[in-house]
Amino acid sequence: MSDPKSESEAFARARRGRNIAIALGLVAFVIIVFLVTVLRLGANVANRPL
Amino acid sequence: MRRPRLEGRIARLPPMTRSTAEVRERTPALWSDYVQLLKPRVMSLVVFTAFTGLVCANTPIHPFLAAIAVLCIAVGAGASGALNMWYDADIDAQMRRTRGRPVPAGKIQGADALALGITLSLFSVMLMGMALNWLAAGLLAFTIVFYAVVYTMWLKRSTAQNIVIGGLAGALPPAIGWAAASGTAPANAWLLVLIIFLWTPPHFWALSLYTSEDYAKAGVPMMPVVKGAASTRRQIFGYSLALIPVCLAPAFTGLGGPIYLAVAAIGGVFFLLLAWRVLRSHAGEARGERNDDGLYDVKAGSKDARNLFAFSILYLTLLFAALLAEHAMGMSPLELLPPLELLR
């Protein structure tokens, strides 16, 4: 039988790792959407009829 | 579409997975287990072929948007892998090659794999549509649905032609990459799709010739299980005969250059030779368990199938690498046929 205390610590560590991975994924997604918007918007602004 | 009843699915699980709940209580899911759900090795081949399609389109595209296109295709492929692992956990638990996957091993709950698969599918398709174009997004969505629903939920358990038809999902990435770059999917893009589509049966059946006992045990109607080894070897040779001319075709349609033609021709001869040796062998007929879990651990008589399986991966990689190199270097294609507008 494993020690319940060390087991709960292992779970907490694993949960923290997952949370950090999700946070990094969301931050990356926000940055990607921002850069894509700038690129696409920028190209359309440059090509607009004057 | 009817999913087999849950009771039946649980009853068929081997003892190892009946204690899944117990394992789940003891083993916390790490973020790396979720990465495993995305089938990173399959993803790498998808990324490579999609990137080749994107480069072959010969359309100027911002490098960042090109990277986003490849990322979306990779994440979409990963999402379909997660959906596949959610649905196939009962089959995976019974096969040596797959029983260590996160869901059958009890590290991740099936519902979590399903949620991850759906979330990533939606994100990848939406981002592809917004950042590139909706043709590429539509093709990506079709690929995910085709793999997760048509192949995984329907074909895989119901017909020996499962990997032939289902192979379309694995074949589509070059067309998605091409569409992402140019907004169109001309005949040359579909020629790349056809190459992978015809490559899939000899590749997978060569593997299944020496892993067919696993598939039989899991009740998956792979060709060697349903039609027998001799029929499978004949069909491998037949598909190989069809594959090689198609692999040579890009040199005639303004897509491949001299390097490509040399790789396709020389590799094609080797491919046919190995397929011929499989045809003449007794691959898939030996009985008994394999010694360990390795893909390359084969029973006597199946070495020819193993050789074809290994070479098929090398051949496809070299074909696409040759195209990629030629287009990256700006090398002119051969155009052994008069140029046709629909090919571009």
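The buried residues of α9(B) pack against α6, α8, α10 (162–171) and α11 (173–182) of chain B. Helices here are DSSP runs of H or I with at least four residues, strands are runs of E with at least two, and both are numbered from the N terminus. A residue is called buried if 20 or more other C-beta atoms lie within 10 Å of its own, exposed if 12 or fewer do, and partly exposed in between, with C-beta atoms placed from the backbone. Two residues are in contact if their C-beta atoms, likewise placed from the backbone, lie within 7 Å. The model is predicted: local features need pLDDT of at least 70 and side-chain atom pairs count only at pLDDT 80 or more, whereas totals for chains, interfaces and linings use all residues. Residues are numbered from 1 along each chain as its sequence is written, while chains are lettered from A and ligands numbered from 1 in the order in which they are written.

Among the buried residues of α9(B) are B:Leu139, B:Leu140, B:Ile144, B:Tyr147 and B:Tyr151. At B:Tyr151, helix α9 (residues 134–158) of chain B bends by about 50 degrees; the bend is the angle between axes fitted to the seven residues ending at a position and the seven starting there.

Consider next the chain to which this helix belongs. The secondary structure of chain B comprises 17 helices and 0 strands. Of its 344 residues, 48% are buried. Among contacts in chain B between residues at least 6 apart in sequence, 76% join residues at least 24 apart.

Chain B is divided into domain 1 (18–184) and domain 2 (186–344), with bounds that come from an automatic or database domain assignment. The contact between them takes 28 residues from domain 1 of chain B and 28 residues from domain 2 of chain B. On the domain 1 side, α5 (40–56), α9, α10 and α11 of chain B each supply at least two residues, and α10(B) has the largest share, with 7 residues. This side divides into 14 nonpolar, 10 polar and 4 charged residues. In this classification, Ala, Val, Leu, Ile, Met, Phe, Trp, Tyr, Cys and Pro count as nonpolar, Asp, Glu, Lys and Arg as charged, and the others, Gly among them, as polar.

Helix α5(B) also packs with α6(B), at an angle of about 145 degrees and with their axes 9 Å apart. Axes are lines fitted to C-alpha atoms, for helices over the stretch in contact, and angles run from 0 to 180 degrees between N-to-C directions. The residues that make this contact include B:Val46 and B:Phe51 of α5(B) and B:Ile73 and B:Gly78 of α6(B). By class, the contact has 13 nonpolar, 2 polar and no charged residues.

Which residue is found in the loop between α5 and α6 of chain B? That residue is B:Asn58, which has a positive phi of about 55 degrees although it is not a glycine. With 13 C-beta neighbours inside 10 Å, B:Asn58 counts as partly exposed.
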